[in-house]
Amino acid sequence: MGVKVSGLPALSLRGFQHLQDLALGRRRPFSITCILTNRCNFRCSYCNIPAEDSSELSTQAWCDALSELRAVGLVRASFSGGEAMLRDDAPFIIAHAKALGLSTSLNSNGWLTDAHIEELAKSLDVLMISLDGPQAVHDRQRDRPGSFDRALATLDHAKQLGVATTSITVLTAHNLDVVMPMLELAKAHRFTAYFQPAHQDCFGRDRGLDPAFDPGVARQIAAQLRQAAAQGWPVGASAGFLQRLENAPQFHDCSRCLAGRFFATILPDGTLIPCHLTRRDHPWPGGAKIGFARAFQELQRPSPGSGCAISPYQETDLILRADPSAIGSALKQLLH
């Protein structure tokens, strides 16, 4: 079965309007990341999201939020956690997003996803599975024997059902050497591989990156990925992202990021924030209390800072800046 491209017409139709918004300084939600839950069935050493206790919106509240944002211009909805599939209603919420005409993606660790993949495939454009490296590395970092096999089986199954498949590898002191092994795995199983350094606090910029990911390592990884992409390996990172990665630890200026102007994140309790790393910056507006369209309009822009290396956020920022390399990489991902 071929890869579905049902999200492309909506993205194309929205593109011209977005360029107008960009030129005129208007604010409109293009993409929203929905954190369905902070709960997770894993305890990865580089992730402190499960420790962030939070109430959760109901099924209906999530559907209402998506409908409200769609009415004011939303085109893409991404679903994540924690582990989003710990919510039994995750497939229903994603299906609602697709019924609204949105382009959809899911970020998961793959442990629970395969049991629902046939249902998910009806409404999912892109599946991103987190993989820390080859089997021995991944299972050690996850402290869960068998987690690699489940994740890879989920990617294979989704691919067979026509869903575009990708992996995301968070780089720490324990897996800096997995770039080529992961690209070899991605080529063999026909998915696209993304990489990003770990931040010490998933909800705050101040602590910076994992100490192992110093500027020299960042430049080395960027050069390795650029060379691999030129050789035809399934590298997901755009040239724009790699250029920013080379500038670590000054990736770009947070205050110039389009987070909060054209894309944002909804936390499990309905709080709207520009991105994860700005969570602790302000008392952000609650969409469930004042409405999500209004909350988006009232978002404060991120304060000045050195930026981040979170791949989905960076690629979204670049796409919304009409960066040709990022747009090309996104289309290649959908059609890979």
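Q: At what angle do α8 and helix α9 pack, and how far apart are their axes?
A: In this predicted model, α8 and α9 (residues 239-246) pack at an angle of about 160 degrees, with axes 8 Å apart. Helices here are DSSP H or I runs of at least four residues, and axes are lines fitted to C-alpha atoms over the stretch in contact, with N-to-C angles from 0 to 180 degrees.

Q: So is that roughly parallel or antiparallel?
A: That angle makes α8 roughly antiparallel to α9 (over 145 degrees).

Q: Which residues make the contact?
A: From α8, it's A218, R219, I221, A222, L225 and R226; α9 brings A239, L242, Q243, L245 and E246. Contact means heavy atoms within 4.5 Å.

Q: What else does L245 touch, skipping neighbours within four places in sequence?
A: L245 is in contact with P197, F213, A218, I221, A222, F251 and A309.

Q: Which residues have the most contacts inside the largest nonpolar core?
A: L66, F79, L106, L131 and L245, in a core of 74 residues. Such a core is a set of buried Ala, Val, Leu, Ile, Met, Phe, Trp, Tyr and Cys joined through side-chain atoms within 4.5 Å.

Q: Which helix gives the most to it?
A: Helix α8 (residues 215-230), with six residues.

Q: Switching topic: is D317 buried or exposed?
A: D317 is buried, because its relative accessible area is 0% (the cut-off is under 20%, with a 1.4 Å probe and protein chains only). D317 lies in helix α12, residues 311-320.

Q: And what does D317 touch?
A: Beyond four places in sequence, D317 touches R244, H252, C257, L258 and F263.

Conventions. Residues are numbered from 1 along each chain as its sequence is written. This is a predicted model: local features need pLDDT of at least 70, side-chain atom pairs count only at pLDDT 80 or more; totals for chains, interfaces and linings use all residues. Side-chain values use heavy atoms; hydrogens and water are left out. Helices (H or I, at least four residues) and strands (E, at least two) are DSSP runs, numbered from the N terminus. Buried means under 20% relative accessible area, exposed over 50%, partly exposed in between (1.4 Å probe, protein chains only). Angles under 35 degrees count as roughly parallel, over 145 as roughly antiparallel, 65 to 115 as roughly perpendicular and the rest as oblique.
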